[in-house]
Amino acid sequence: MNTGVRITAFAAAVAATFGTAYGVGKGIGPVGEPPAKAAHGEHASAPAEPGTAPAGAASAAGGLQVSDGGYTLDLETPTPAQGRSVLKFSVKDAGGKNVTAYTTEHGKELHFIVASRDLTVFRHLHPVRAADGTWSTPVDLPAAGGYKAFADFKPAAKGAKGITLGADLAVPGAYAPRPLPAATPTATVDGYEVALGGTLVPGRAGELKLTVSKDGKPVTDLEPYLGAYGHLVALRDGDLAYLHVHPNEGGPGPVVSFTATAPSAGSYRLFLDFQHGGKVRTAAFTVQAGPGGAPVSAPASAPTSASSDEAPHDAGGHEHG
């Protein structure tokens with residue numbers, strides 16, 4: 001894991017690219033719609049069957065690009081303060097103008113993810129857009145260090161496809177990176193236990209099943225969150241590239257299922273957003289992908305600061321998890 005990050009004031013740098021940018025926050029599929037529909041900014045494709053490589057498997061790692069398809073993510077606040085602050089950014093078109101027209105997907109025009117480079121902090125945000133195309137959102141970044149911000153959207157322009165752009169953030173201060181949490185079959189969050197089963201195999205699609213329970217009983221009445229029963233974000237340790245994560249058909253619990261393809265052997269961090277009792281919670285897992293695709297196993301150790309933030313209702317926003 002990359003721990004050699006120095007924290008200095010800097011403008012957002014262009015990240016290394018890994019093929020075409022891939023959508024953030026893949027969901028279990030919009031409620032009442034077939035699972036083949038692309039989730040958020042995902043490029044449209046039918047879900048792959050477990051054990052078979054999906055179309056485009058060669059580019060299974062999502063691209064962390066600041067510019068793609070004629071659009072650029074422009075961060076106005078690339079060095080936010082530690083703790084609670086406000087992030088501001090815009091998406092610019094090929095002519096350098098702020099984009100102001102988007103296609104609404106999963107109830108939002110744009111989805112925004114911020115994750116720390118050591119993958120122990122995760123924020124799923126829904127910023128507010130001003131008339132001039134400038135976006136803003138409150139965020140809590142609890143520690144100094146390097147972060148990556150991802151904007152997931154689909155421009156309203158005719159023929160436009162879903163795009164995910166990424167740019168670097170840095171929180172100034174003394175940086176003490178934490179180790180990647182150990183691989184785990186279960187995660188506990190706010191009294192809920194989420195069990196992860198399945199395999200993650202390099203170059204081959206595999207099914208991941210996440211089962212939600214509370215007080216030892218399965219949760220069978222998960223609530224739609226942004227039009228879906230669950231959203232999964234998958235990041236590769238080291239470069240924070242995305243995996244291909246395809247939603248599988250399912251109901252309101254207790255099982256939420258996804259098909260994922262690991263582009264390489266190594267460590268991956270999975271973040272599942274689910275809603276119950278009117279509140280969104282995030283369960284985080286570390287998964288090891290390697291030859292043979294060993295089943296997920298081993299208990300977790302280090303904690304993760306993971307949350308899903310709705311569009312702010314006040315200056316401080318409303319934070320879940």
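**Exercise 1.** How many aromatic pairs does the count come to in this predicted model?

*Solution.* The count comes to seven aromatic pairs. Take one of them, phenylalanine 89 with phenylalanine 112. Their ring centres are 4.3 Å apart and their planes meet at 5°. Planes under 30 degrees apart count as stacked, so this pair is stacked. Now place the two rings. Phenylalanine 89 lies in strand β4 (residues 83-92) and phenylalanine 112 in strand β5 (residues 110-116). They are 23 residues apart, and the pair links distant parts of the chain.

**Exercise 2.** Find how tryptophan 135 pairs with phenylalanine 89, and decide whether each residue is buried or exposed.

*Solution.* Start with the rings. The centres are 6.3 Å apart, with 5° between the planes, and the pair is stacked. Tryptophan 135 sits in strand β8 (residues 134-141), 46 residues from phenylalanine 89 in β4. Next, accessibility. Buried means under 20% relative accessible area. Phenylalanine 89 has 0% relative accessibility, so it counts as buried. Tryptophan 135 has 2%, so it is buried too. Finally, widen the view. Both residues belong to one aromatic cluster, together with Tyr71, Tyr102, Phe112 and Phe153.

**Exercise 3.** Work out which strands stand at the edges of the five-stranded open sheet.

*Solution.* Write down the order: β2-β3-β4-β8-β7, with antiparallel pairing. Read off the ends. β2 (67-68) and β7 (128-129) each have a single partner strand, so one side of each lacks a neighbour in the sheet. Check β2. It pairs with β3 (residues 71-75) in the antiparallel sense over two bridges. Serine 67 has threonine 72 of β3 as its bridge partner.

Note on methods. Residues numbered from 1 in each chain as written. Predicted model: local features only at pLDDT ≥ 70, side-chain atom pairs only at ≥ 80, totals over all residues. Heavy atoms only, no water. Pairing = 2+ DSSP bridges. Helix = DSSP H or I, 4+ residues; strand = E, 2+ residues; numbered from the N terminus. Phe/Tyr/Trp six-rings, centres within 6.5 Å; stacked < 30°, edge-to-face > 60°. Buried < 20%, exposed > 50% of the residue type's maximum accessible area, 1.4 Å probe, protein only.
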